[in-house]
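This briefing concerns the strands of a sheet and what surrounds them. Please keep the sequence and the model in view while reading.

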Amino acid sequence: QTHFLSHFLQAKMSRPVQARRLKGIDKNIWVEFAKLAATYSKVNLGQGFPDFPAPDFLTEALTRALGKENHMLHQYTLPFGHPPLVKVLAQIFEKQLGQDLDPMANVMVTVGAYEALFCCFQAFVDEGDEVIVIEPFFDCYESMVKMAGGTPVFVPLRPNPPKDGKLMSSADWQLDPAELASKFSKRTKAIVLNSPNNPLGKVFSREELGLIAELCVKHDVLCISDEVYEWLVYDGKQHIRIASLQGMWDRTVIIGSAGKTFSATGWKVGWVVGPNRLLQHLRTVHQNSVYACATIAQEAVAQGFQRELMLYGKPESYFVQLPKELQQKRDWLVQSLDGVGMKPIIPEGTYFLVADISQFKSDVPDDHNSDEPYDYRFAKWMVKNKGLAAIPLSAFYSEAHKNNYTNFIRFCFAKEKATLKAANDILQKWKQEKTSS
C-alpha cells in the first residue's frame, strides 16, 4: 500500500494539457515589455495608459457610488449592462449614428473593449472562417481570431512618404484598393477595422471607409469596428463611424472603452453597440464567460456620460478638452523626437505616435544570430541602457510581414508634461553623446 501511495504521489500527467487553439499564441508583447519597463525604465512611454488623473467629475461619481446612499450598487447589476449606463450610451450613439437605439437590445457592457473583442470573435468566427485584419494592428486581433478557430488574412497600410521632405503623417499610410479587394472571398466572415488606429494614429477617411463598406456589402461580410479612440482625434479631423454608411448598420459591431474615453484604463468598462441580430450572439458568449461587469464602475461611467450628454459639443465638454490637451502633448513629443533625428509620423488621433529610428541604428548593433526583429532589440536596448520605454512597431504585424517594418518604434504621449519633459531630456542627452563620440 505504501509503495502504491508513493507511486501515486509521483505520477505525473503524460497527456498534453494545452488546448490546440492556444498553440503559438502564448507569448504576449505587453507582458514582456511591462516587465522590462518596471525593471529598467525611468520614463515609460510604452503601454497605452495615461499617467495623469481621471477627471474629477468621474472620480467624484465613483465616490458617490461607494457611499451608503444606494447599497445595492455593491451587488450584481443586469448581466448585459447597468441600466443607467446602457441608457445613456444609447442616447449618445443615437446622436452619432442618426439611428433609434434600444438600450437593452443595441448596447452591451463588457469588461473593457478587450472582452468586447473576445465576444465578437467567439460569437462570429467558426473553424475555417477568414477574418481580414489591416496591418499594423492591435496584437490581440490575430490571437483571438486563431483562438476561435479562424484564419487571419492580413492586408497592409502602405506608407507613401511626402516628396517635399515634410514629416510623414498617419494619413500617408493607405490601403491599396485592389489589394484589399483581393483579400475578400467566400470564406471571409468579417473584417476588423480600427479607426483611429493603434499604433499609427491613422483616422480613416470617408473615402477609405466607403471602400471597406462597399466590399463588406458586396461579399456579405461583418465589420468589427474597434473605435476606442473615437473622441481622440486631432487637427479638426472627424471620426466617421462606418456603421453610419449605407448598408453597414446591419453588419457592424462598434466597440468602445470608458478607459480611453475618460482616461481611466484600470476601470475596465467597455461596450458594444450594434443591431440586436448581432448582439444576441455576443450576449451568449458574455453570459457564459464574464456574466456581469462591476456595478459601481458602470454607475460612475454612466454619470460621466450623463454629464457629457448635457455638455455635448460645448467647449467645457471633456470630449472637447481632452483631445485639445493631447494634441498639444503630441506636438510637443513630435518636436522633441524630430529635434534629435527620430523621425515621427504625425498621428491624426489616439494616444500614440510611431517614429523612425534609422538614424539611431548605429547605437544598437545588428545581431545576425538573433531571430528577433531589429526594432525589438532596439526597444529592449533603449529601456535597459537609456531608461526610456517604447514598443517595437513590428509587434503590430503578422509573422510574415514583421521584418518589413523594423525601423520604427511606438511612443505613447498620453502622459503628464513632466513625463514628456523627462523623455525629452533622455533623448537630448543621447543625441549629445552621439554627436561627441
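Both faces of strand β8 are covered, with Leu222, Ile224 and Asp226 buried on one side and Cys223 and Ser225 buried on the other, where buried means under 20% relative accessible area with a 1.4 Å probe and protein chains only. The model is predicted, so that local features need pLDDT of at least 70 and side-chain atom pairs count only at pLDDT 80 or more, while totals for chains, interfaces and linings use all residues. Residues are numbered from 1 along each chain as its sequence is written, and side-chain values use heavy atoms, leaving out hydrogens and water.

**Neighbours of β8**
- From β7 the chain crosses through helix α9 (residues 206-219) to β8 in a right-handed β-α-β crossover, that is, clockwise from the first strand over the helix to the second with the strands pointing away from the viewer.
- β8 also pairs with β9 in the parallel sense over four bridges, and Ser225 has Ile254 of β9 as a bridge partner.

**The sheet as a whole**
- The open sheet has seven strands in the order β2-β10-β9-β8-β7-β3-β4, with mixed pairing, and its edge strands, β2 (107-110) and β4 (151-156), each pair on one side only.
- Strands β9 (residues 252-257) and β10 (residues 270-273) pair in the antiparallel sense over four bridges, with Val273 in β10 as the bridge partner of Ile254.

Terms used
Two strands pair if DSSP finds at least two bridges between them. Helices (H or I, at least four residues) and strands (E, at least two) are DSSP runs, numbered from the N terminus. Buried means under 20% relative accessible area, exposed over 50%, partly exposed in between (1.4 Å probe, protein chains only).
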